[in-house]
Amino acid sequence: MNKHFLVTVSNEYDHLTGVEFICSFFKQLSEHQITLLHISRLDANDMNKTLMKMWDKPEEGVTGPLTVGARRALDKSKSLLSESKMSVDHMITKTFPERYGKIQDILSEGASGLYDAILLGKRASDTLQWFFERPAEETAKAIIRDSSLNSPLWICPVPEIGRKHVLVCVDGSEGSMRAVDHVGYILSKQDQHTITLFHVENGAGLDSAAIFQRSTEILHTHDIGDERIHSDTTWGLNVAGTITSYAEKSGFAAIAVGLEGVDQGILKRMNLAGGTTSGLIERAEKISLWCCP
């Protein structure tokens, strides 16, 4: 089954880290569909001049007015994907001016489409971190509730050549099991990557063997063979730091986590500051972070 990814693209077309990650991670991009999303800032200097300026011959599959920055980003994205043997016939572009703030606009678009993942590049993820670390005021709560975050969120820094495989953090919660299911679905045809189930012991007394068994059963439903599944447990009071250190040392390309763990429902409580996910967002410099609601 084709995977459909929503990839955010900023005016800074030299920082297309979401597109770069896809190009470096997948071996057969022809099986996937890419939607590039560009949101123009309301205070952009070229807004009045270029917001309504369309190409002389608009490309098929492009919806909305294209700014100069969007056109440059689109051209570079096509070039990157073409080098990865991705047919541009499998890519469409959506572009529109900022409506309710970029974060809400991104999440709203993600909720409106049947996307398998939303990819945020470096610039977008910096904004996301700033947004989530603000006090949990009612406005922020309303934005998250209204967005109906149903698609996993991939935060993609500049990828490092040579990194492979995915580390899935599991604690037995339904959130972590959804992360396992997402990773299995994404990697079902990507046999160049293995999956490591990782449990951090922090005194909670959870049964890691039972957690690994349940996780493995989920991966099997996606035709992931045992030869591609590994598991490991380690002790650590700072969960985010322990996960990051392990992933960096082992050269993983991505870390997958559930947004609701057994100890706290992170999005439900709207207090990411100091939480595991917030800590991972801060530390992810070379590794993509897959956050699964």
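## Nonpolar cores

In the largest nonpolar core, which has 43 residues, the members touching the most other members are Phe5, Trp154, Val166, Val168, Leu197 and Trp290. A nonpolar core is a set of buried Ala, Val, Leu, Ile, Met, Phe, Trp, Tyr and Cys residues joined through side-chain atoms within 4.5 Å. Buried means under 20% relative accessible area, exposed means over 50%, and partly exposed lies in between (1.4 Å probe, protein chains only). Another core, of 30 residues, lies apart from the largest one and includes Ile118, Leu167, Phe198 and Val239.

Phenylalanine 5 touches, among residues beyond four places away in sequence, Ile22, Phe26, His32, Gln33, Ile34, Thr35, Tyr115, Ala117, Leu119, Trp154 and Ile186. Contact here means heavy atoms within 4.5 Å.

## Basis of the model

The structure is a predicted model, in which local features need pLDDT of at least 70 and side-chain atom pairs count only at pLDDT 80 or more, while totals for chains, interfaces and linings use all residues. Residues are numbered from 1 along each chain as its sequence is written, and side-chain values use heavy atoms, with hydrogens and water left out.

## Overall architecture

The chain contains 11 helices and 11 strands. These elements are DSSP runs numbered from the N terminus, with helices (H or I) of at least four residues and strands (E) of at least two. Of the 293 residues of the chain, 53% count as buried. Among contacts with a separation of 6 or more, 79% are between residues 24 or more positions apart.

The accessible surface of the chain comes to about 13,800 Å², and carbon and sulfur atoms hold 48% of it. Accessible areas come from the Shrake-Rupley method with a 1.4 Å probe; for residues, only the protein chains shown count as cover.

## Helix α1

Helix α1 is largely enclosed by the rest of the structure, because 7 of its 9 residues are buried. The buried positions in α1 are Thr17, Gly18, Val19, Phe21, Ile22, Cys23 and Phe25. Ile22 is also one of the residues touched by phenylalanine 5.

## Salt bridges

The model has 6 salt bridges, a salt bridge being a side-chain nitrogen of Lys or Arg within 4 Å of a carboxyl oxygen of Asp or Glu. In one of them, the side chains of aspartate 191 and lysine 27 meet with an N to O distance of 2.7 Å. Aspartate 191 lies in the loop between α7 (174–186) and β8 (195–201) and lysine 27 in the loop between α1 (17–25) and β2 (32–40), so the pair ties together parts that are 164 residues apart in sequence. Lysine 27 is partly exposed, at a relative accessible area of 41%.

Glutamate 160 and lysine 286 form a salt bridge through their side chains at 3.4 Å, N to O. This pair links distant parts of the chain, 126 residues apart: glutamate 160 is in the loop between β6 (153–155) and β7 (164–169), and lysine 286 is in the loop between α11 (276–283) and β11 (288–292). Glutamate 160 is partly exposed, with a relative accessible area of 35%, and lysine 286 also counts as partly exposed at 35% relative accessibility. In a further salt bridge, the closest N and O atoms of glutamate 248 and arginine 163 are 2.8 Å apart. Glutamate 248 belongs to helix α9 (residues 239–250) and arginine 163 to the loop between β6 and β7, so this pair ties together parts 85 residues apart in sequence. Glutamate 248 is partly exposed at 28% relative accessibility, whereas arginine 163 is buried at 11%.

## A buried glutamate

Glutamate 109 is placed in helix α4 (residues 102–112) and counts as buried, at 10% relative accessibility. Leaving aside residues up to four places away in sequence, glutamate 109 touches Leu6, Leu37, Lys94 and Tyr115. Glutamate 109 and leucine 6 are 103 residues apart in sequence, with their C-alpha atoms 8.7 Å apart in space.

Most residues other than glycine have a negative phi. Histidine 165, although not a glycine, has a positive phi of about 75 degrees. Histidine 165 lies in strand β7 and is partly exposed, with a relative accessible area of 23%.

Aspartate 223 likewise is not a glycine and has a positive phi, of about 65 degrees. Aspartate 223 is located in the loop between α8 (208–220) and β9 (229–235), and counts as exposed at 66% relative accessibility.
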